[in-house]
Amino acid sequence: MKHNPNKVRKYRTYTRKELAAVFGVCPDTINAWRRAGMPAIKEHCPFLYKGDAVREFLRKKRISKKVPLKENEFYCMRCKAARVSISDIINVQETGKMLGDSSKQIIKRGVCNECGAGLCRMSKQSG
Ligand SMILES: [Zn+2]
């Protein structure tokens, strides 16, 4: 999912509900972002979020998704890095969607060989 960091104003503070409305996500997602490292102003209850901190968080989040992966690699959300799966656990599923004329979209699932977290990657299969 792509969220445009520039949707928030740098010098404004936002409540969780306001942020959720700005990005069109549910308030639980904002909680998830906070747990993933988005800074909140903790003296406030409920939490408030500074526009510039939210921007910074979303920018980093975008970059972290751009880790280049080799054919056999997955992006591990827990390690926050490219990882290979424990090889005999890889499971490939077709999504039923076609990519172009001759490639099928597939989902590969595996298990991180470093931390044991579940891995998932969209890919394509020709023919
Ligand atoms: Zn991992």
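These numbered points describe the fold of one protein chain.

1. The model is predicted: local features need pLDDT of at least 70, side-chain atom pairs count only at pLDDT 80 or more, and totals for chains, interfaces and linings use all residues. Residues are numbered from 1 along each chain as its sequence is written.

2. The protein chain has domain 1 (5–64) and domain 2 (73–126); the bounds come from an automatic or database domain assignment. Taken over C-alpha atoms, the centres of domain 1 and domain 2 are 29 Å apart.

3. Three helices and seven strands make up the secondary structure of the protein chain, in the order β-α-α-β-α-β-β-β-β-β from the N terminus. Helices (H or I, at least four residues) and strands (E, at least two) are DSSP runs, numbered from the N terminus. The protein chain is more spread out than a compact globule, because its radius of gyration is 18 Å, well over the 14 Å that the globule rule gives for 127 residues. This radius is taken over C-alpha atoms, and the rule is 2.2 Å times the number of residues to the power 0.38.

4. Of the 127 residues in the protein chain, 13% are buried, meaning that 20 or more other C-beta atoms, placed from the backbone, lie within 10 Å of the residue's own.

5. The largest nonpolar core has nine residues, among them Val-8, Trp-33, Met-38 and Leu-58. Helix H2 (27–35) and helix H3 (51–64) each supply at least two residues of this core. A nonpolar core is a set of buried Ala, Val, Leu, Ile, Met, Phe, Trp, Tyr and Cys residues joined through C-beta atoms within 7 Å.

Key. A residue is buried if 20 or more other C-beta atoms lie within 10 Å of its own, exposed if 12 or fewer, and partly exposed in between; C-beta atoms are placed from the backbone.
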